[in-house]
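Here is a short report for a reader new to this structure. Look over the sequence and the model first, then read on.

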Amino acid sequence: MKKKVAFVCVHNSCRSQIAEALAKKLGGDVLEVYSAGTEIKEEINPDARRLMMAMYGIDMEKTQKSKLIQAIPPVDEVITMGCNVVCPVLPFSYKSEDWGLDDPTGKGDEAFINVIRRIEEKVIELIERAEEEGE
């Protein structure tokens with residue numbers, strides 16, 4: 001049975017979307033992942049979309065959309081991105097952690113790439129934990 005994980009950020013337009021995309025690509029066999037926000041933007045950050053396509057071949061515009069936390073099912077784990085989001089309305093039974101990531105929005109590609117690489121590292125750690133728990 002896959003662990004259900006939600007990546008939560010304020011606008012669900014950048015970091016949480018990146019985390020969802022990478023977790024689906026790298027850990028789809030052990031994780032069922034969602035992203036959501038306490039507010040939403042009309043589109044996923046264009047720089048995030050462009051760089052995720054260039055770096056991983058992931059077209060987030062086709063596979064994901066911005067959504068509120070109320071729009072996702074109950075999950076086992078909630079991971080916030082570092083935006084001081086508290087999610088009392090989102091049920092979780094396993095645990096919650098904060099990845100403390102700076103928002104690269106409005107900054108150059110280097111800032112985005114650094115955040116994307118950090119999310120990739122964290123997602124790989126999450127996948128490894130899920131695999132160990134599943135054994």
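## A buried arginine

The backbone oxygen of Leu-101 lies 2.5 Å from a polar atom of the Arg-15 side chain. The model is predicted. Arg-15 sits in helix H1.

Is Arg-15 buried or exposed? Its relative accessible area is 5%. Buried means under 20%, so Arg-15 is buried. Leaving out residues up to four places away in sequence, Arg-15 touches Cys-9, Met-81, Gly-82, Cys-83, Leu-101, Asp-102, Asp-103, Pro-104, Val-115 and Ile-119.

## Helix H1 against helix H4

Helix H1 covers residues 15-27, and helix H4 covers residues 109-134. Their axes come within 9 Å and cross at roughly 45°. H1 and H4 are therefore oblique to each other. Their crossing is right-handed.

Which residues of H1 meet H4? They are Arg-15, Ile-18, Ala-19, Leu-22, Ala-23, Leu-26 and Gly-27. On the H4 side are Val-115, Ile-116, Ile-119, Glu-120, Val-123, Ile-124 and Ile-127. The residues of this contact comprise 11 nonpolar, one polar and two charged.

## Helix H2 against helix H4

Helix H2 spans residues 46-56. The axes of H2 and H4 come within 11 Å, crossing at roughly 60°. This crossing of H2 and H4 is right-handed.

From H2, the contact takes in Asp-47, Ala-48, Arg-50, Leu-51, Met-52, Met-55 and Tyr-56. H4 brings Asp-109, Phe-112, Ile-113, Ile-116, Arg-117 and Glu-120. Eight of the residues in the contact of H2 with H4 are nonpolar, none is polar and five are charged.

Terms used
Residues are numbered from 1 along each chain as its sequence is written. This is a predicted model: local features need pLDDT of at least 70, side-chain atom pairs count only at pLDDT 80 or more; totals for chains, interfaces and linings use all residues. Side-chain values use heavy atoms; hydrogens and water are left out. Axes are lines fitted to C-alpha atoms, for helices over the stretch in contact, and angles run from 0 to 180 degrees between N-to-C directions. Helices (H or I, at least four residues) and strands (E, at least two) are DSSP runs, numbered from the N terminus. Angles under 35 degrees count as roughly parallel, over 145 as roughly antiparallel, 65 to 115 as roughly perpendicular and the rest as oblique. A crossing is left-handed if the near helix is turned anticlockwise from the far one by less than a right angle, and right-handed if clockwise. Contact means heavy atoms within 4.5 Å. Ala, Val, Leu, Ile, Met, Phe, Trp, Tyr, Cys and Pro count as nonpolar, Asp, Glu, Lys and Arg as charged, and the others, Gly among them, as polar. Buried means under 20% relative accessible area, exposed over 50%, partly exposed in between (1.4 Å probe, protein chains only). A polar contact is a pair of N or O atoms within 3.5 Å; within protein, one must be able to donate a hydrogen and the other to accept it, and residues adjacent in sequence count only if both atoms are side-chain atoms.
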